[in-house]
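Trainee: I would like to go through the salt bridges here. Can we start once the structure is up?

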Amino acid sequence: MTFALHATDGAARRGTLSLAHGVVETPAFMPVGTAATVKALTPEDLRTFDARIILANTYHLWLRPGRDTIVELGGLHAFMGWDRNILTDSGGFQVFSLESRRVLSDDGVRFRSHLDGSEHEFTPENVVGFQEALGVDVAMALDVCVKLPATQAEIDESIRRTTLWAKRCSAARSRAETALFGIVQGGLDERSRARSAEELTALDLPGYAIGGLSVGESREDMHRMSRFTASLLPTEKPRYLMGVGTVRDLIAGIDGGVDMFDCVYPTRCGRNGRALTRSGDLNIRAAAFARDPRPLDARCSCSVCATYTRAYLSHLFRADEMLGPRLLSLHNLAMLAQLMAEARHAIETNAWQAFRASVEADLEPAL
Ligand SMILES: [Zn+2]
């Protein structure tokens, strides 16, 4: 893996991440394909807006279909028919959200499957082994994410274990084509964030993620803490803010120096009839759109906006037709991909501040 930084404008960065399955121009938004599928969309759909990297979830794939099936079928890329890059999370975040179904120790985390109650254990070594066996391009280290608000003792403990586990993840690496990223924790406390970043950057991993945000804190706190944490990370390595995917949050993240993002928001919204536009989100089921001849977003160049009216899409949702969720998911991801492309151009041409201000001005007041 290599990362080249081409331009900066303030803290905003324009780079190229070269991975085993091609280059990713940054800033980039990564569509989420939890169970080895970006819900409702085919790899061909993802190519229509030139997605270069998608995310899949270790926790879900571990339980179903399981490592052996995927390995037998030639690895995750071949299994799902996607020949561009894949990043997998470590499963930590999902396991921690199980709460009553998990037991944590320095060794790892034992948990019960949400599917059938069967018992499993994630250790730093076996989650790296799993991600490498799948043949993914970026693997995430196993970390401990705390729910906010958290006590200082909880934050300290999460940093201690996250560093301990990152060291063991790094030692367990055996595949050069899979780049391991560490995850900075520390809640909303700057000194804790600084300590976590210092301990992890000492390990000299290929990239770093900002974890433990977008977990219940205010939008202002999230923006402040992602900017602060990004400033602590090595300039020459990619920075990934986990779980962020609204237009407003992406713009704030880029402005703070983040290179990569992922979130279920655009696809979850798409399935629920919520369209992301540059003027804010709209609920396509609303009566106002029943006879609206305009595309979802006049400034969007995606295949959905080129072909269908708001009236038609509104009809699909009211009639419970499966094409509705599919088309809205496609538009929402394509629209964010265009936003990222425009952001990259703005940073390259030293026009980032004006671009950021115009995107923010076009959005409706925060919902
Ligand atoms: Zn569109």
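Trainee: Which residue's side chain meets that of Arg 224 in a salt bridge?

Mentor: First, a caution: this is a predicted model, where local features need pLDDT of at least 70, side-chain atom pairs count only at pLDDT 80 or more, and totals for chains, interfaces and linings use all residues. Residues are numbered from 1 along each chain as its sequence is written, and side-chain values use heavy atoms, with hydrogens and water left out. A salt bridge is a side-chain nitrogen of Lys or Arg within 4 Å of a carboxyl oxygen of Asp or Glu. Here the N to O distance is 3.0 Å, and the partner of Arg 224 is Asp 221.

Trainee: In which helix do Arg 224 and Asp 221 both lie?

Mentor: Helices are DSSP runs (H or I, at least four residues), and strands are too (E, at least two), numbered from the N terminus. Arg 224 and Asp 221 are three residues apart, about one turn of the helix. Both lie in helix H9.

Trainee: How many residues apart in sequence are the parts that Arg 219 and Asp 249 tie together?

Mentor: Their side chains meet in a salt bridge, 3.0 Å from N to O. Arg 219 lies in helix H9 and Asp 249 in helix H10, so the pair ties together parts that are apart in sequence by 30 residues.

Trainee: Is Asp 249 buried or exposed?

Mentor: Buried means under 20% relative accessible area, exposed over 50%, and partly exposed in between (1.4 Å probe, protein chains only). Asp 249 has 8% relative accessibility, so Asp 249 counts as buried.
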